[in-house]
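Please read the following report alongside the sequence and the coordinates.

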Amino acid sequence: MRIVVDFDKCKSNAVCMGIAPEVFEVRDDNFLYVLDETPSEELRPKMEEAVRMCPTQAISIED
Amino acid sequence: MREIAVVGASLAGLRATETLRREGFDGRLVLVGGEPHLPYDRPPLSKELLAGEWEHDEIVLRKLPYDELELELRLGVPAVALDLAAREVELRGGERIGFDGLVIATGATPRTLPGTAPLDGLFTLRTIDDCLAIRARLDAGPKVVVIGAGFIGAEVAATCRKRGLEVTVLEALPQPMVRGLGPVLGAVLGEMHRDHGVDLRCGVTVEAIEGGDPDMGGSVERVRLGSGSVVEADLVLVAVGVTPETHWLEGSGLTLADGVVCDETCLAAPGVVAAGDLARWPNRAFDGEVMRLEHWTNAVEQGTAAAHRLLAGGSAEPFAPVPFVWSDQYDVKIQSAGRFTGDDELAVVHGTLRERRFVALFGRAGRLTGALAFSRPRQLMQYRRMIAERAAFDAALEHAAAS
């Protein structure tokens, strides 16, 4: 599973970080950093929730 | 449950259909929408789309194929009545859709100013059609007057300034976005708009919107204030809030009181749930406070929860989110989590009001109940979680001091 972020759409709302801080981090520069682009399969439910909850639909999962 | 009807084809309705299929519902699923469009996203209507940076394609909500959802679509056909006894929704034109389960997600409609003639150049903003009509008019470089400095009014003013247009914003309350920000932060926002060249006038009332002969296609020309003064206008946007779209439910037997009244699991009646801008329900996360949210995140979360509730039968959990909403204006990201009023304890941390970069923490009876951030997304998310955990206000202050 690969996490892909469209940074043109990302507005750094950090909702993804609220769901899975182990994968998504918005730092004090207000940019989103994907800490792990290939998280383990057990994180899939959280990743799918991040996809659904992103206010700008900037996240997608590639299998 | 073999047949589910979802009435309302915007964000909450769409997410409800996706949730139903994801959780294994394989019966008949009908999605009814009053607008003639597949579900699309509204936040960009006051920002990117209005600015001309995006087009319709960019705001379509579902990029995956619709076939997978196996929906029967009825777009551009509003629901006009609900017959709970027969378990049928009546659509305009007479078609009746039978259901075992019903999701009500028909959203809300912009309020207008009573007694206003339908002049050319006078708009409300809710739909993509509204947005494109306004945008076309903005191309001519009009003097823009926005009535109402809530989320929509403030964002449209910012977008118009970005396009180099002259903007006057008229607000009845003493500060802009008071409902969303409270008076102290509302004042910060007001200053920001003025710094960007908006002619922001608070504490004013609108007496009349005047122009040519509406029967002859006359245009808007000016706004007359309660004080007697006049503001010239080539385009007027009325952005004074929305009312829940529950007209079609009158007489159905559902409790309607500024929205569809639900229990804490989003249930409005047996086999009937409501979600999104029109759902009013007691939120256990705030000790049962009854609320109706007009937030994007709520449409997603409640659309999902309501669908889950329909399938869950007796084992439903209360829908108890920490409300979250954001607004992008100029180069500031405003985000708010939780609930707060002007009377709550207030502490400004992680910056200062002057810098326009901070988190304002709100407390009531010793509990952290709200957080509002200007360009502090990382911190705001942390406080959203603390609010969910019912953290003490002091604990939040300690967290701020330690960060």
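## Model and confidence

The structure is a predicted model. Its scores are ipTM 0.94 and pTM 0.96. For chain B the mean pLDDT is 96, with 100% of the residues at 70 or more.

## Chain A

Chain A contains two helices and four strands, and from the N terminus these elements follow the order β-α-β-β-α-β. The radius of gyration is 10 Å, close to the 11 Å that the globule rule gives for 63 residues, so chain A is as compact as a globular protein of that length. Along the principal axes, the C-alpha atoms of chain A occupy a box of roughly 30 × 20 × 15 Å.

Of the 63 residues in chain A, 33% are buried. Where contacts in chain A link residues at least 6 apart in sequence, 59% of them join residues at least 24 apart.

Tyr33(A) lies in strand β3 (residues 32-34) of chain A. This residue counts as exposed because it has 12 C-beta neighbours inside 10 Å. Residues up to four places away in sequence aside, Tyr33(A) touches Glu25(A) and Arg27(A). Lys9(A) is 24 residues from Tyr33(A) along the chain, and their C-alpha atoms are separated by 14 Å.

## Contact between the chains

Chain A gives 13 residues to the contact and chain B gives 14 residues. On the side of chain A that touches chain B, the elements giving two or more residues are α1 (15-19) and α2 (44-53). The residues on that side comprise five nonpolar, four polar and four charged.

Gln335(B) has a contact in chain A as well as contacts in its own chain: beyond its neighbours within four places in sequence, it meets Asn13(A), Trp326(B), Ala373(B), Pro377(B) and Leu380(B). Gln335(B) belongs to strand β24 (residues 332-338) of chain B and counts as buried because 27 C-beta neighbours lie inside 10 Å.

In soluble globular proteins, nonpolar side chains tend to be buried together. The largest nonpolar core here has 87 residues, and those with the most contacts inside it are Val146(B), Ile147(B), Val236(B), Leu237(B), Leu361(B), Ala371(B) and Tyr383(B). Helix α5 (residues 151-162) of chain B supplies the largest share of this core, seven residues. A second, separate core has 45 residues, including Ile4(B), Val89(B), Ala268(B) and Ala305(B).

Ala371(B) shows how parts of the sequence meet. Apart from neighbours within four places in sequence, its contacts are Ala337(B), Gly338(B), Val359(B), Leu361(B), Phe362(B), Leu380(B), Tyr383(B), Arg384(B) and Ile387(B).

## Helix α8 of chain B

Helix α8 (residues 377-388) of chain B has twelve residues. From its first C-alpha to its last it reaches 17 Å, close to the 16 Å expected at 1.5 Å a residue. Ten of the twelve residues of α8(B) are buried, so this helix is largely enclosed by the rest of the structure. Among the buried residues are Pro377(B) and Leu380(B), both of which are in contact with Gln335(B). Tyr383(B), Arg384(B) and Ile387(B) are also buried, and these three are in contact with Ala371(B). After the helix comes Arg390(B), whose phi is positive, near 60°.

Methods
Residues are numbered from 1 along each chain as its sequence is written. Chains are lettered from A and ligands numbered from 1 in the order in which they are written. This is a predicted model: local features need pLDDT of at least 70, side-chain atom pairs count only at pLDDT 80 or more; totals for chains, interfaces and linings use all residues. The expected span of a helix is 1.5 Å times one less than its number of residues. A residue is buried if 20 or more other C-beta atoms lie within 10 Å of its own, exposed if 12 or fewer, and partly exposed in between; C-beta atoms are placed from the backbone. Two residues are in contact if their C-beta atoms, placed from the backbone, lie within 7 Å. Ala, Val, Leu, Ile, Met, Phe, Trp, Tyr, Cys and Pro count as nonpolar, Asp, Glu, Lys and Arg as charged, and the others, Gly among them, as polar. The radius of gyration is taken over C-alpha atoms; the globule rule is 2.2 Å times the number of residues to the power 0.38. A nonpolar core is a set of buried Ala, Val, Leu, Ile, Met, Phe, Trp, Tyr and Cys residues joined through C-beta atoms within 7 Å. pLDDT is the predictor's confidence in each residue, from 0 to 100.
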